[in-house]
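Dear colleague,

My notes on what was found in it follow.

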Amino acid sequence: MAEAITAQTQAGVLSVRAALPEELDEILGFYYQLIDDLEGKAESPRWEKDVWPSRDMLAKAIDAGTLFVGLLQGAVVGGMILDHERPDGYDTAPWQVKADEGEAMTAHLVAVSTACQGGGVGSALMTAAAKLCREAGAKALRLDVIEGNRPAARLYEKVGFVHIAAVRLFYEDTGWENFDLYELPL
């Protein structure tokens, strides 16, 4: 496994690394707690337990080496999937970086514990994501944010992501919704 990426945050040293199979329950619990904490709030990603994320989805991402966790003092306080999967709406976006399917990575399920939000953990997590994608040879890192989630959008803009377009996308947990697409040139 690749060496962990570390960064100093207000809460301490964040270590970002690939998730391990034995961490599945803790990671699932982390995401489910976040869903509970953000329910009904503007910054909610509107994820649904057992749908997005599901245990099976996380287990497959761990097996594929695409699920990454952010750890503070050994506890999961952040997570994300970095891969080449993307919804259909990505294909028509006016991306700034010209990249074939295998040359652009997508971040999914980017999350930071509500207890750590505003303390630099999100910035450190996304900086680590950019480094991991560069090391994998990607030309760009892309993601989407559900309309109205300004805290997430501000985080991405702060670390260098550029707003590309507003589009309608379909996800199993939200159905058809408006999303903002962002891209970080690598």
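**Notes on the model**

The mean positions of the 16 positive and 29 negative charges of the protein lie 6 Å apart. Please keep in mind that this is a predicted model.

**Overall fold**

The protein has four helices and eight strands. Along the sequence they follow the order β-β-α-α-β-β-β-α-β-α-β-β. With a radius of gyration of 15 Å, close to the 16 Å that the globule rule gives for 186 residues, the protein is as compact as a globular protein of that length. Its C-alpha atoms fill a box of roughly 40 × 35 × 30 Å along the principal axes.

Of the 186 residues, 54% count as buried. The accessible surface comes to about 9100 Å², and carbon and sulfur atoms hold 49% of that surface. Among contacts between residues at least 6 apart in sequence, 67% join residues at least 24 apart.

As for annotation, an unreviewed UniProt entry places the feature "domain: N-acetyltransferase" at residues 14-186. Over that stretch the chain is 28% helix and 33% strand, and the end C-alpha atoms are 22 Å apart.

Is Trp47 buried or exposed? Its relative accessible area is 14%, under the 20% limit, so Trp47 counts as buried. Leaving out residues up to four places away in sequence, Trp47 touches Tyr31, Leu34 and Ile35, then Trp52 and Pro53, then Leu109, Val110 and Ala111, and finally Asp173. Asp36 is eleven residues from Trp47 in sequence, and the two C-alpha atoms are 9.8 Å apart in space.

Pro53, one of the residues that Trp47 touches, also lies in the loop between α1 and α2. The peptide bond leading from Trp52 to Pro53 is cis, with omega near 5°.

Asp50 has its place in this loop as well. Its phi is near 70°, a positive value in a residue other than glycine. Asp50 has a relative accessibility of 59%, over the 50% limit, and therefore counts as exposed.

**Strands β3 and β4**

A positive phi also turns up at Gln73, which is not a glycine either; the value there is about 50°. Gln73 sits in the loop between β3 (67-72) and β4 (75-83). With a relative accessibility of 81%, Gln73 counts as exposed.

Gly79 lies in strand β4. Its relative accessible area is 2%, which makes Gly79 buried. What is Gly79 in contact with, leaving aside its neighbours within four places in sequence? The partners are Phe30 and Tyr31, the run Phe68, Val69 and Gly70, the run Leu109, Val110 and Ala111, and Leu125. Tyr31, Leu109, Val110 and Ala111 are also among the residues that Trp47 touches. Ser15 is 64 residues from Gly79 along the chain, and their C-alpha atoms are separated by 11 Å.

Ala166 is found in strand β7 (residues 162-171). The relative accessible area of Ala166 is 61%, so this residue is exposed. Apart from residues up to four places away in sequence, Ala166 touches Phe179 and Asp180. From Ala166 to Ala59 there are 107 residues in sequence and 31 Å in space, C-alpha to C-alpha.

Thr174 is found in the loop between β7 and β8 (175-185). At 17% relative accessibility, Thr174 counts as buried. Not counting residues up to four places away in sequence, Thr174 touches Pro45, Arg46, Ile146 and Phe179.

**Where to look**

When you open the model, the cis peptide bond from Trp52 to Pro53 and the positive phi values at Asp50 and Gln73 are the backbone features in these notes.

Regards

Technical notes. Residues numbered from 1 in each chain as written. Predicted model: local features only at pLDDT ≥ 70, side-chain atom pairs only at ≥ 80, totals over all residues. Heavy atoms only, no water. Helix = DSSP H or I, 4+ residues; strand = E, 2+ residues; numbered from the N terminus. Rg over C-alpha atoms; globule rule 2.2 N^0.38 Å. Buried < 20%, exposed > 50% of the residue type's maximum accessible area, 1.4 Å probe, protein only. Contact = heavy atoms within 4.5 Å. Areas by Shrake-Rupley, 256 points an atom, 1.4 Å probe, with all protein chains shown as cover. Lys, Arg positive; Asp, Glu negative; His and termini not counted. Charge placed at Lys NZ, Arg CZ, Asp CG, Glu CD. UniProt positions renumbered as here; feature names shortened; annotations may be inferred.
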